[in-house]
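Here is a short briefing to read with the model open beside you. It covers a sheet, the helices packed on it, and some charged pairs.

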Amino acid sequence: MNKAKTIILGASHWHVPLCADRIAEQHDVVGVSDPDPSRAEHLASLWDAPLYESWEEVLAAHGDAELAYVFVPHDVMRQVCLALVARRIPLVVDKPAGVSLQELIDVRAAADAAGVPIAVLLVQRGGPTDRWLARAGRSVYESVQFIAGPPDRYLVNGSPWMVDVERAGGGCMVNLAPHFVDLFLRSAGAEEVAVTAALSSMLHRRSVEDYASMTLTTADGRIATIEVGYAFPGSPLKRHCSFMRIGAAGTAAIWSDGHASFTSVDGVTETAIIDVDSDPLYGLFVDQVAEQLRRGFVELPRISDLETTMAVIWDAYEHDRQRRTGVHTQHR
């Protein structure tokens, strides 16, 4: 297999170590960037690629790249993605692809106009959790809890900008909730929902929220409650998670320890142990990117899917702002 000439922008991002070995296996990395090169030296060595301090330098030296992974801070994502699209370089970008919905729309519109495919790391799609919940059928009612470790972990893992609300765009909701909004929208067959939300930073007192609760309602009455947080203690357990989906076929549920159950409408219950750790999904995503690059990522989440999802997320932030200021309006 001919490996695509690939550039990695923002290599100190915490997701990169989760897929670095698969990137080495699947791609020919020709350039790597990070504002703090010392944090990316080991990766550049693994990939046998030159290391640069800025993404602009990488593009200047490797403008003929065939694929890019974009892991830069959220407030730079729009600029980087537009530069790649202008060079007709297919790319993979992490959510949220900007610090506002308009920034994401700018990227999606430019990519559409140029015919440049953009895949998005909504890695929960097709994963063990998604597959088990699908047993319930199309979602009618759904609840999700996904509570990750404290925000200070970003201060030591190479991404301190994640606790700066201006640079990250938000906290746990902008970072964690897109995965689960996407799963519900796909299962419910909805593109627009009414959303209410309540956010708090009471636990860790940072500028980004460390807890968020959202309620999504479709026009035909389907409901999802999604709770995400940077509120779990620093621990080898990494996070707390639980999931439940109720559909026409029955009820599927999953707990943090991987125990899963499905009870059919006939009252028969099946149980299993599944892997609920999302970390391994990133390497699998790289394999899919390599397989689908020549076909425009046709079976992967695309930038248009992220736009649908982030419209809900940004509306949730706006709802919380208006809730706190005493202004109540109907949202998307």
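Eight strands form an open sheet with mixed pairing, in the order β8-β9-β10-β7-β11-β12-β13-β14. Strands here are DSSP runs of E with at least two residues, helices are runs of H or I with at least four, and both are numbered from the N terminus; two strands pair if DSSP finds at least two bridges between them. This is a predicted model, where local features need pLDDT of at least 70, side-chain atom pairs count only at pLDDT 80 or more, and totals for chains, interfaces and linings use all residues. Residues are numbered from 1 along each chain as its sequence is written, and side-chain values use heavy atoms, leaving out hydrogens and water.

- β8 runs antiparallel to β9 (residues 211-217), joined by 7 bridges, and Ala197 stands opposite Met214 in β9.

**Helix packing**
- Helix α11 (residues 303-325) packs on the sheet, touching β8 and β9 (contact means heavy atoms within 4.5 Å).

**Salt bridges**
- The whole structure has 23 salt bridges (a side-chain nitrogen of Lys or Arg within 4 Å of a carboxyl oxygen of Asp or Glu).
- Lys5 and Asp64 form one at 2.8 Å, N to O, and these residues are 59 apart in the chain.
- Glu142 pairs with Arg245, with their closest N and O atoms 2.8 Å apart.
- Glu142 lies in β7 and Arg245 in β11, so the pair ties together parts 103 residues apart in sequence.
- Both Glu142 and Arg245 are buried (under 20% relative accessible area, with exposed over 50% and partly exposed in between; 1.4 Å probe, protein chains only).

Key: Axes are lines fitted to C-alpha atoms, for helices over the stretch in contact, and angles run from 0 to 180 degrees between N-to-C directions.
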